[in-house]
Amino acid sequence: MRRASFTPPVVLAGVLLLTACGSQTADSQNDGLTQRQRSDSPNSPDRSSCGAQASDTPTAPSTSALPGNPAGLEKGGVKITGSSDGARACAEFDVTNHGTEPFTYMITFEFLSDSGEALTNTKQTVPSVKPGRTVKRTVVMSGLPSHPRGAARVRIAEVRSVPAGEAPSDKGTCPPSGVRVYADDGDAAMGLRVVSLHLENCGARTHRLNGYPQLQLLDERHKPVDSVKILHGGSAIATGTGADGAPQQLDLKPGERAYAGLVWRNTVGGGAGDPVNAPYVRVWEKPGAAPVMVSPELDLGTTGKLGVGPWKKDETNGPVTGGGPGAQSPEPSFPPTAPARP
């Protein structure tokens, strides 16, 4: 399934004024934004572009003097705490884990011009924040599209969090399990949604699959959603999604990949109850496997059902060199599928 521009609707929260100073060079690998993530170590000498030193402290974050109401700059444990008017406009933010286990946070920031025009957005992942801890990070605005010189704004568009031990991974160090599981951004057409789960064998041994991934739907509070039927095959929802066919045994060699489709509609029918939104899905790639929690943003309307396809081998990707737990992989590409039909 190809990477698509579909972005689920989100509730926007918090606006912070930034000053965009000087000409910047776009980062072609990151949609025109340069990001810096500070070290998790409280002893790290690294400093952000906003001039504050990174820290990892069990105390509550302090609030800087900000234009506007600081209470409006918080969402899901994330708080924007400062801004810069130097050579690079940026915002400092804190991530506080109020839970009882380590969590990994995926945060979407949106940048706007002084007139309110959306310029771009960027995502940052803050891994393994311990319970009761606060970590500081920086999001940097660089190489934005042309807009009148002056104030720009950044706001927290969305915050998602998953247990650190279940965080998805599409690159970087190979997990101890020897496989990565993650979701792509999906396709949408006239209320039909198609998202692919991806699995990569980054280990040193052949990995066997045969059947469908097992799923558990979760709401924003990570509570199970039991009102939705999970059906085998995309045709249970719509034809032509690429999520059909009988399960076949797959023996993935190191570096090989597989994918499985999730298919649903977001339509709402009169008298059918309240719409169901399940941002998270806990995935077991096969019985007995370690779970991975992804966030495909299932806006299921009142349909009450989700289709899941069988694992299929991704023939578009060549082997990744240097397999084995701890090995590094390059940026993934996504297998093509037939376009979704209404």
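A residue counts as buried here when its relative accessible area is under 20%. The model is predicted. By that cut-off, Glu158 is buried and Arg160 is buried too. These two residues form a salt bridge, with their closest N and O atoms 3.9 Å apart. Side chains of opposite charge can pair when their charged atoms come close. A search of the whole structure finds 11 salt bridges.

Strand 14 covers residues 192-201. The relative accessible area of Glu200 is 0%, so Glu200 falls in the buried class. Between the C-alpha atoms of Glu200 and Lys171 there are 9.6 Å, and along the chain these residues are 29 residues apart.

The pairing of Asp251 with Arg208 is another salt bridge, at 2.7 Å from N to O. Asp251 belongs to strand 18 (residues 250-252) and Arg208 to strand 15, so parts that are 43 residues apart in sequence are tied together. Asp251 is partly exposed because its relative accessibility is 34%. Arg208 is also partly exposed, at 46%. Some salt bridges share partners, and through them Glu158, Arg160, Glu220 and Glu297 are joined into one network.

The next link is covalent. The structure has one disulfide, which joins Cys174 to Cys202 with an S to S distance of 2.1 Å. The link is right-handed, with 75° about the S-S bond.

Turning to the nonpolar residues, the largest core has 27 members, of which Leu215, Leu217, Leu298, Leu300, Leu306 and Trp311 touch the most other members. Strand 19 (residues 257-265) supplies the largest share of this core, four residues. Apart from this core lies another of 18 residues, among them Tyr105, Phe109, Phe111 and Val126. Leaving aside residues up to four places away in sequence, Leu298 is in contact with Leu217, Trp264, Val276, Asn277, Ala278, Pro279, Val281 and Leu306.

Two loop positions remain. Gly304 is placed in the loop between strand 23 (298-301) and strand 24 (305-308). Its relative accessible area is 22%, so Gly304 is partly exposed. Not counting residues up to four places away in sequence, Gly304 touches Ser227, Val228 and Lys229. Gly304 and Gly273 are 31 residues apart in sequence, with 9.7 Å from C-alpha to C-alpha.

Glu166 is located in the loop between strand 10 (151-163) and strand 11. With a relative accessible area of 14%, Glu166 is buried. Its contacts, again not counting residues up to four places away in sequence, are Arg282, Pro291, Val292 and Met293.

Note on methods. Residues are numbered from 1 along each chain as its sequence is written. This is a predicted model: local features need pLDDT of at least 70, side-chain atom pairs count only at pLDDT 80 or more; totals for chains, interfaces and linings use all residues. Side-chain values use heavy atoms; hydrogens and water are left out. Buried means under 20% relative accessible area, exposed over 50%, partly exposed in between (1.4 Å probe, protein chains only). A nonpolar core is a set of buried Ala, Val, Leu, Ile, Met, Phe, Trp, Tyr and Cys residues joined through side-chain atoms within 4.5 Å. Contact means heavy atoms within 4.5 Å. A disulfide is a pair of cysteine sulfur atoms within 2.5 Å. A salt bridge is a side-chain nitrogen of Lys or Arg within 4 Å of a carboxyl oxygen of Asp or Glu.
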